[in-house]
Amino acid sequence: VLFILNGLERLNLDFRLAGTELCCDPNEPVPPSAIVVNLLRKYLLPEASIIVTTRPSAVRRIPGKYVGRYAEICGFSDTNLQKLYFQMRLSQPGCSGKASLAAVERTVSGEQENLVEMLSRNLERHNQIAAACFLPSYCWLVCTTLHFLYFTRTVPPSQTLTGIYTSFLRLNFSGEVLDSTDPTNISMMKYVAKAVGKLAYEGVMSRKTCFSEDDLQQCFEVEMKTESELNLLEVFRSDVFRFFLTPCVQPGKEHTFVFTIPAMQEYLAALYVVLGEKKTLAQRLGKELSEIIGKVSEDVAVVLSIISKVLPLRFLPVLLNLLKIFPRYFSRLSGKDRDAIAHTMAEELFKEEDYYNDDVLDQINSSILGMEGPMRHPDEAPDDEVFELFPIFMGGILSRRNRAILEQLGCSIKNLAAFEIAKAMKKTVIRNSRKGLPPSELMDYLFFLHEFQNERFTAEAIRSLRTVNLSSVKMTPLKCSVLASVMGTTCHEVKELNLTSCNLDTSSLRILFPVLLRCKALHLQLNSLGSDACKEIRDLLLHDKCVVSNLRLANNPVGEQGAQYLAEALAGNRSLTHLSLLHTALGDQGAEVIAQHLAKNQHLQELNLGYNSLTDTAALHVVEVAKKHATLDKVHLYFNDISEDGKRALHSLRMDRDGVRALVFLTAGTDVSDYWSNILNVVQRNLPFWDRERVRQHLALILQDLESSRRQTANPWRKAKFLRVESEVKKMLGKLQHGT
């Protein structure tokens, strides 16, 4: 028989004969502690084998004569074991959620293999994460975080990042008391929140991740401890310290300590603040004084009330009221503490120096998988440390579910405290969000609202958000789910949603579908959206609740099949007034399909088909349909393969006679076109994404056309306008030639 006794530190065993009597009969009823002691003495069931697990501080509670061998479980001493763990964990079938389609399963499988490969490379070149993953539980945290980042596709997301870290701490410290022999019976997590949380918070405030021995000593306040508290500190250093802090392996920082997982510093700092441990000396003394006076005043009040009946002295009621003032006064001070917590959260969330960093989800991804590109030179000065997860964790800790888990860990946050913090924070957060945040910062703000898990608060915050600009933010499935979930707390109309260059795909559009329906202006440029995505856009535009009036799909590989879906959408849509299909590889066939369905549309006002390799036939067909259209009055056709005869035919169009204007070139006979700046602005914005040689050829033709028209006019004012436009075109040609 093998007995496994897990967690010896929870038992107070007494091996003295006077304390625990001998017992060799398994049938004899004795207390559980007596059974364990006699098993370890080999007096009860001497043939049995016994394995005892314990924290280091309790090892000596069993006399050495009863122990055959000591073994310390350290972790993954070999990097290959770490890699094997990650490969098994990340390659488990179903770890990415339900994937019914074979194509989806193949994509997910490929993504899992890619994650394992990137993680393995980072383990080889980044010693700090390898040191962290020495502990298997941190390997679990890394894998769970990667699952959250890459395989979350439900709306709302099934978990939060704060929830992952809180669950991680519960897995390791649930029910753990720092020292069972100490009368205070303080939970291990509560002690960590107070001691390590203080160190973490001071590091966040001073933007520091490396800590010297002096920093540790100052934070743990060794010189101020009583005997009991010094014993607790000794147990903490022996059992828990190495779990949260590890020696730094970077060259030149060998004698400093860092948090084993960087994000854990921000989590513990957030927990330290939300628990109200960040107090000044006056606040601490005030709280203690309030409690003492509160207790004493109750007793004194009873005595004074009896005396006042016997001796009716006038000053006694006044004294009685004074005694009641102190507890009320200091309870108001505790309310101020919650205002301070709310202020700290709002201030850290909208720090302007962090406005142009990557969003926090990309930062976490980089910290685990590493940065793609050249390695930093060891002598190169590091970038400033950023702690943008800190306020997000503060919000996440206040959510009901995380507070319930923390309650199990001995870290109590009352419902009233959470309510008052949210109330104090509301005005500041909403006011700051209206200022127009940069895209990455806006993504952080949306993620904060998701982590906060307060639907009423989120609804009020989002209701004031009419323009959402997330351009150039890499919209992973998780970020799409967060956006859809947060925006889904209200049903208000969104004036503009900018998702330009966000790595969107068909699945992203499906996740965001309910949000896209409510957007007046929708920017989807530069997203590699092909025909499958256009099918989703067709369904969006044909939905009876769609309010999209301005849709920009420029620089996407729409193609002929995609044009077919969009043409079907145009035929049945009633909200769209502006559609941009600039540089979408339509070709003549795609333009013809759109022209055929355009007649069934009654609301479109502007159509951009520029840079689509259209020839005369397709371009003139589109314009002929536009002439008969009730509302369409502007068609963009520049940078297409239109001949001189075609240009002359398009140039002869007159708005008052034909009802449509075609934007093809920068001249209008012997004058400059009214739309020359519009055309050049479009070209300027898209220069980095278009084929440079083809753009150069088109600009050269435009320049020749401008020079020819300038020579034909004798009006000095018009000549000056031509020269101005020519200079702008020459600037662009110069940039192309110099590769800028």
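The protein chain has a mean pLDDT of 83, and 86% of its residues reach 70 or more; pLDDT is the predictor's confidence in each residue, from 0 to 100. This is a predicted model, in which local features need pLDDT of at least 70 and side-chain atom pairs count only at pLDDT 80 or more, while totals for chains, interfaces and linings use all residues. Residues are numbered from 1 along each chain as its sequence is written, and side-chain values use heavy atoms, with hydrogens and water left out.

Confidence is lowest in helix 12 (residues 281-310), at a mean of 53, and highest in strand 8 (residues 550-552), at 96. Helices (H or I, at least four residues) and strands (E, at least two) are DSSP runs, numbered from the N terminus. Over residues 373-382 pLDDT stays under 50, and the model has 4 contacts for them beyond four places in sequence, a contact being heavy atoms within 4.5 Å.

The largest nonpolar core holds 183 residues, of which Phe-244 and Leu-637 touch the most other members. Such a core is a set of buried Ala, Val, Leu, Ile, Met, Phe, Trp, Tyr and Cys residues joined through side-chain atoms within 4.5 Å; buried means under 20% relative accessible area, exposed over 50%, and partly exposed in between (1.4 Å probe, protein chains only). Helix 7 (residues 188-205) gives this core its largest share, 11 residues.

In helix 9 (residues 227-239), Leu-232, Leu-233, Val-235, Phe-236 and Asp-239 are buried. Their cover includes helix 7, helix 8 (213-220) and helix 10 (241-244). The face turned away from the buried side of helix 9 carries the exposed Glu-227 and Glu-234.

Conventions
Expected span 1.5 Å × (residues − 1).
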